[in-house]
Amino acid sequence: MVKDSWNRTIEYVRVSLTEACNFCCPYCRPEIITAQSQTNLLSPAEWLVILEAFYKLGIKAVRLTGGEPLLYPHLEELLKGLKERQWFSDISMTTNGSLLTERAKDLHDLGLQRLNISFDAVDEETFNYRTGRVGQLGPVVDGIETAIATGFDVVKINTVLMEAMSDDVVRQLLAYIEKWPVVWRFIEYMPFQGDAFRGPTFEEWKAQLERLTGGVLVPESKVKGFGPAMYYTLPNGRSIGFIFPMSHTYCDSCNRVRLTSDGKLRLCLLRDDEADLVGLVRAGATADDIALHIADILQLRHEKHDGMDMETPKRAMWRIGG
Ligand code: SAM
Ligand code: SF4
């Protein structure tokens with residue numbers, strides 16, 4: 001197990017495989033980069049050297065993300081390599097779900113255990129706005145329902161709270177929460193575009209849910225997965241999670257680092273501190289060499305991010321991996 005200089009054990013690495021995405025969510029990726037336009041992707045062999053270094057440091061869990069990870073051209077080859085090596089006890093992916101229906105079974109067969117799927121709106125018009133695309137609600141709903149039927153250990157839904165929702169929309173959302181056997185989490189909007197925080201706040205959102213469900217949300221003590229979500233039980237018995245990185249800092253228990261699709265180790269989502277790793281791989285460094293280097297770099301992690309006072313990170317969300 002490797003620790004940083006604030007005595008936090010690092011146990012989880014998030015790997016952004018590509019900057020490419022087929023959506024343009026307004027809070028994440030206003031510009032367009034096509035699947036063909038990123039020229040500095042890592043090969044599966046390069047990722048495996050870097051991930052072996054993390055394995056040697058005692059990391060147990062890997063999450064694949066992006067951009068849209070299903071657009072990484074060698075995804076299946078990478079998963080096959082990870083399955084053969086059995087380095088990690090937990091392999092998961094965050095996806096927008098639009099390309100999942102055809103591939104869910106193969107990904108599951110290749111050892112992908114858990115899926116997080118982004119799902120920000122329940123009506124076609126809002127979904128179009130929130131994805132920057134027309135007509136994707138149906139494919140994403142299909143993707144989610146296929147993932148549920150495929151038998152992944154856990155399917156989670158992520159909903160970013162970019163603005164307050166009407167009571168009517170929240171009622172529709174609650175119907176989906178009741179229908180789908182998933183773990184549903186609400187994520188506070190992080191102002192990556194240099195704009196102001198827009199809410200709703202945790203307290204506002206919780207109050208609206210309590211008003212519309214006619215009961216209180218009961219805090220749960222059980223931890224689910226490796227993330228910072230706080231879970232509550234709705235009056236109907238379903239569990240929902242809240243991730244509020246801006247107003248409730250989780251920095252003191254931050255157990256993760258990130259790898260960007262151009263092969264950099266990023267020490268904090270909301271800070272631009274990065275170190276090149278793929279350059280070492282290309283210069284012939286072994287996994288052991290890289291593990292030593294990573295252990296040193298981790299000591300440079302800051303104690304916390306600057307929350308609402310943060311400077312806009314230079315890398316946008318789609319280039320970091322969420
Ligand atoms: N394309 C995949 C997806 O959308 O799930 C994976 C990458 S995406 C960058 C990872 C996560 O970051 C998604 O759940 C997305 O909703 C979230 N995200 C992106 N920009 C955000 C922002 N400004 N504030 C909060 N969450 C954000
Ligand atoms: Fe693409 Fe995911 Fe960002 Fe949306 S949140 S633009 S789907 S990377």
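Reply: β5 (90–95) and β7 (154–161) each give at least two residues to the shell around ligand 1; strands here are DSSP runs of E with at least two residues, helices are runs of H or I with at least four, and both are numbered from the N terminus. This is a predicted model: local features need pLDDT of at least 70, side-chain atom pairs count only at pLDDT 80 or more, and totals for chains, interfaces and linings use all residues. Residues are numbered from 1 along each chain, chains are lettered from A and ligands numbered from 1 as written, and side-chain values use heavy atoms, without hydrogens and water.

Me: What makes the backbone of Y27 a polar contact of ligand 1?

Reply: A polar contact is a pair of N or O atoms within 3.5 Å. A polar backbone atom of Y27 is 2.9 Å from a nitrogen atom of ligand 1, so the pair counts. A backbone N or O atom of G67 also lies 2.9 Å from a ligand nitrogen, and for T95 a polar backbone atom is 3.1 Å from a ligand oxygen.

Me: How much of ligand 1 does the protein cover?

Reply: 95% of the 540 Å² of accessible area that ligand 1 has on its own (Shrake-Rupley, 1.4 Å probe).

Me: Why is α1 called oblique to α2?

Reply: Helix α1 (residues 44–56) and helix α2 (residues 75–85) pack at about 40 degrees, axes 9 Å apart. Under 35 degrees is roughly parallel, over 145 roughly antiparallel, 65 to 115 roughly perpendicular and the rest oblique, so α1 is oblique to α2.

Key
A polar contact is a pair of N or O atoms within 3.5 Å; within protein, one must be able to donate a hydrogen and the other to accept it, and residues adjacent in sequence count only if both atoms are side-chain atoms. Axes are lines fitted to C-alpha atoms, for helices over the stretch in contact, and angles run from 0 to 180 degrees between N-to-C directions.
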